[in-house]
Amino acid sequence: MTATERLRRKAAGLLVVRLGSNMQPPRRAEEDAAHVEALLGRYPLGGVILFNGAWPQTRETLVGLQHAALQGDSARPLLVMTDMERGLGQQVAGATTFPHARAFAALGESEAMTERFARASAREALACGVHVTFAPVADVNRNPDNPVISIRAFSEVPALAASLAAAYVRGCQAEGLLSTAKHFPGHGSTAEDSHAVLPSVPDARAVLDKTDLVPFRAALDAGCELVMTAHVAYPALDPSGRPATLSAPILQGLLRGEMGFEGVVISDSLHMGGIQADGRTEADLAVEQVRAGVDLLLDARDPAAIIEALAAAVEAGALGQERLDEALARADRLRARLTDRFGDDVFTDPGQAAAPDAVGAAEHRRLAMRVARGAVTVEGETVHWETGAGLLAVLVRPHASPLDPPEQPLGDALRERLPGVRYAEVGPGTSPEQLATLGEEAKAAERVLVALVAKPAAWHAFGLRPEQHAFVEALLRVRPVVVAALGSARVLDAFADAPTRLCAYSDAPAAQRALAEALAGKRAD
């Protein structure tokens, strides 16, 4: 093997590639397996980020990829990672989906429940062959109009966000799942979406110390193994204006030097607009990221080009080989934590870490419902409807995902508890004529419920579309309307005249069912 080939193999260990997709066009994880296996035939990759899986097929897909990864002299097992802020069900159909993080802050025993949630999610992830959760979100939701954080954060209060982030880390550690505090050094005060552009946080260092950095310190103190960088600029921390992902002062000076973090630094997705720059390729920027202090490069568009660029940079003296070795050693320590706890076969036999029956377990689903019920808050007049006769219920959602079901769970939940209800949905494709027809139905109805999905969405502005906002306002002018937020309470501010306002802090299925229960006063255990 030549020196260049050895460098390529080292560089490949820094790549975490996509398996499946939730974006257009969506791809199941199983549909992507052949592509990833072909990459593994060329390079010993560091890991995969899982999207759009299904139980139990995804476990078998991951086991197959692990066997492929372990072929050859330079083989290394894959670190399997995923965005599972709301539990494994967020990415694997058939697993348990919990409410958004903000719902936990509404609970009386928020730390204990957050830790229980993390433990349940960890068992499901490990049973499926997932080793790393990209959670907790350690951001403080300082800007209520933040388009990408919002209810993904535990709280607007730094101390509460810190305590729950630490509780989540403790829960993961109790079961052996590796956790990731994100998005360092804090994405909660931005007004822009780093999926699309490079946001900037103008606050002074003293402000950041009292706000954004507080939960990260707590997560590090609790022992989180990874930190994910934000594609956000912080002039007070790095006057150059570079995003944290490209900033040595932030990653080496602040995170490693001042805060003492010794674990793995992983970039946010390289697909995002916040890390792209005119005239510089993804590969060029990847070299800069590794030089700045990033250990693992997440979700590249062209992994082969990055591998070649990293190897060439070392050969040209633009990147020290010791930097590659240091990053690989940190990733290998993550693998060692897993094998030390669960045995050498944990990568090819997920059952060594957790039993398959953990996935979607009834006790986990009950826990998700308990969280959802406890999070529902009510302002104004109490509503306990006995029947759905004369009730028009309209769910309004500003964005649609290619993975959305034909109808949201609220429909069946209301029909089950309030027989006779007329249920309808307003989405981004609803025509003015359809809105007008619903408006006429509302005039004839005895009661009207409007449920508003208000959550962060990549590449989208936060909140209702103008025509949807006007639709709700028109209903309120005709008659009293019960307004509910399936997500951020912020959306309710515009409808202060509603006699009853409810907030579930999430649009997860459990939260939608909990809202129906709150309106009907009927539980279905």
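The second largest pocket has 14 lining residues, and Cys224, Glu225, Glu262, Gly263 and Arg337 are the ones nearest its centre. The model is predicted.

**Second largest pocket**

- The volume of the second largest pocket is about 230 Å³.
- Helix 12 (residues 321–342) gives the largest share of the lining of this pocket, with four residues.
- Cys224 is among the residues nearest the pocket centre.

**Cysteines**

- A disulfide here requires two cysteine sulfur atoms within 2.5 Å. The count by this rule is zero disulfides.
- Cys128 is in no disulfide, since the nearest cysteine sulfur belongs to Cys172 and is 15 Å away.
- Cys224 is in no disulfide either; for Cys224 the nearest cysteine sulfur is again that of Cys172, 10 Å away.
- Cys128 is buried, with a relative accessible area of 0%.

**Pro199**

- Pro199 sits in the loop between strand 7 (178–184) and helix 7 (205–210).
- Pro199 counts as buried because its relative accessibility is 1%, and buried means under 20%.
- Tyr234 is 35 residues from Pro199 along the chain. The C-alpha atoms of Pro199 and Tyr234 are separated by 8.9 Å.

**Helix 16**

- Helix 16 spans residues 466–478, which makes 13 residues.
- From first C-alpha to last, helix 16 reaches 19 Å. That is close to the 18 Å expected at 1.5 Å a residue.
- Gln468, Phe471, Val472 and Leu475 are buried in helix 16. They lie on the same side of helix 16, because they cover an arc of only 90 degrees around the axis.
- Pro466 and Arg477 are exposed on the other side of helix 16.
- Strand 12 (391–396) and strand 13 (422–426) are among the elements that cover the buried residues of helix 16. The cover also includes helix 15 (432–444) and strand 14 (447–454).

How values were computed. Residues numbered from 1 in each chain as written. Predicted model: local features only at pLDDT ≥ 70, side-chain atom pairs only at ≥ 80, totals over all residues. Heavy atoms only, no water. Buried < 20%, exposed > 50% of the residue type's maximum accessible area, 1.4 Å probe, protein only. Helix = DSSP H or I, 4+ residues; strand = E, 2+ residues; numbered from the N terminus. Expected span 1.5 Å × (residues − 1). Arc of directions from axis to C-beta. Contact = heavy atoms within 4.5 Å. 1 Å grid on protein atoms, 1.4 Å probe; cavity = no way out; pocket = protein on both sides within 12 Å on 5 of 7 lines; lining within 4 Å. Points joined across faces, edges and corners; volume = space filled by probe spheres on them.
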